[in-house]
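Here's a quick briefing for anyone meeting this structure for the first time. Take a look at the sequence and the model, then read on.

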Amino acid sequence: MYASLWRVLPGPFFVRLLIVLALAAAIVAALFLWVFPWALPLVTPLDSTVHE
Amino acid sequence: MVLEDTRRTRRDAKSPRRVSIIGILGEVLITVGVIVLLFLVWQTWINNIVVSNSQRDDALEQSQEWNKGEAVKLAPDERADPGVPVVSEAPAEAEVFGTLIVPRFGADYTRPIAESVSLERVLNTRGVGHYTGTQMPGEVGNFAVAAHRTGWGDPFIDINKLQLGDSVYVETEAGWYRYVFRSLEYVSAAGIGVLDPVPQFDGAIASDRLMTLTSCNPLYSVSERLIAYAVFDTWYPRSEGAPSEIAALAQNSEGAG
């Protein structure tokens with residue numbers, strides 16, 4: 001999966017490395033900004049109230 | 001996928017290279033693991049700091065609004081009896097009607113208090129929530145609030161560090177109400193007796209002004225509730241100035257926002 005991604009990328013080693021790092025940064029940013037805030041209430045429904 | 005396949009076919013023609021199902025599965029699992037780790041890092045540190053700062057800014061902005069841009073005076077240490085505290089009317093659901101200021105939680109600790117303990121509308125978004133149906137600040141009976149201790153800015157993370165005599169201030173448009181921390185109690189999630197006008201005495205007629213703070217216990221768990229009780233001491237009408245103990249915070253709010 002990742003090996004084929006690497007092969008698909010154009011350019012010499014450092015250009016590919018740069019593209020991979022940029023892609024990873026974009027994915028992490030998307031996770032932090034949209035995916036995780038959405039997922040937070042679903043995975044940790046912590047309740048701090050007392051109720052019946 | 002199409003692109004990948006053609007690529008592989010071309011590649012395979014030159015040097016035989018297999019992409020096994022197991023290999024792909026392994027990479028997917030590693031990726032999922034990394035995402036879970038990232039989520040934990042984000043939840044425990046990054047998001048908590050972001051949310052906690054934004055809650056503080058909201059509270060400062062709210063205080064500033066009540067001050068109408070005027071400089072905050074400080075009440076003198078020796079002052080006349082301010083009389084019976086003003087009790088505000090019950091606010092609308094999810095409306096921010098107060099701020100909670102606890103010097104023990106940090107010199108710059110202030111959090112908005114909104115009506116109801118709805119997770120979506122108050123506790124996960126505003127900060128501190130007021131149990132609807134319990135009394136208002138300064139009212140005879142029990143002013144009960146809840147907040148998270150893990151995640152969402154964890155407003156009550158240090159609730160177990162309160163010490164006898166610590167000030168717990170509630171600021172509303174009318175002024176500052178000073179409660180004094182008295183004790184902690186551990187109950188189950190069904191321990192609604194802590195919300196009674198006289199906590200744990202169902203039906204008793206209240207004569208004291210109390211405050212109850214509820215949060216979860218232990219940290220990172222919901223198996224119990226940690227309750228902090230505070231007793232009303234005095235109040236500071238807005239016109240007469242803020243208590244000197246929170247001078248830095250009260251006066252900071254005029255320049256914030």
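In which loop of chain B does Trp152(B) lie? You'll find Trp152(B) in the loop between β4 and β5 (167-172) of chain B. Keep in mind as you look around that this is a predicted model.

- As a bit of background, most residues other than glycine have a negative phi, and most peptide bonds are trans.
- Trp152(B) isn't a glycine, yet its phi is positive, at about 50 degrees.
- Trp152(B) counts as buried because it has 25 C-beta neighbours inside 10 Å, and 20 or more are needed for that label.
- Gln200(B) is another non-glycine residue with a positive phi, this one about 70 degrees.
- To find Gln200(B), go to the loop between β6 and β7 of chain B.
- Gln200(B) has 15 C-beta neighbours inside 10 Å, so it counts as partly exposed.
- A cis peptide bond links Asn217(B) to Pro218(B), with omega at about -10 degrees.
- Pro218(B) sits in the loop that runs between β7 and β8 of chain B.

**Strand β7 and its partners**

- β7(B) covers residues 209-217, and nine of its nine residues are buried.
- Both of its faces are covered. On one side the buried residues are Arg209(B), Met211(B), Leu213(B), Ser215(B) and Asn217(B), while on the other they are Leu210(B), Thr212(B), Thr214(B) and Cys216(B).
- β4(B), residues 141-146, pairs with β7(B) in the parallel sense, over six bridges.
- In that pairing, Gly141(B) stands opposite Arg209(B).
- β8(B) also pairs with β7(B), but here the sense is antiparallel and there are eight bridges.
- β7(B) and β8(B) make a hairpin, with six residues between them.
- Tyr220(B), in the turn of this hairpin, has a positive phi of about 65 degrees.

**Strand β8 and strand β6**

- β8(B) spans residues 224-237, and β6(B) spans residues 175-187.
- These two strands pair in the antiparallel sense, over twelve bridges.

**Where chain A meets chain B**

- Chain A puts 19 residues into the contact, and chain B puts in 36.
- On chain A's side, the elements giving two or more residues are α1 (2-8) and α2 (13-43).
- α2(A) gives the most to that side, with six residues.
- By type, the residues on chain A's side are eleven nonpolar, five polar and three charged.

How values were computed
Residues numbered from 1 in each chain as written. Chains lettered and ligands numbered in written order. Predicted model: local features only at pLDDT ≥ 70, side-chain atom pairs only at ≥ 80, totals over all residues. Pairing = 2+ DSSP bridges. Helix = DSSP H or I, 4+ residues; strand = E, 2+ residues; numbered from the N terminus. Contact = placed C-beta atoms within 7 Å. Nonpolar A, V, L, I, M, F, W, Y, C, P; charged D, E, K, R; others polar. Buried ≥ 20, exposed ≤ 12 C-beta atoms within 10 Å, placed from the backbone.
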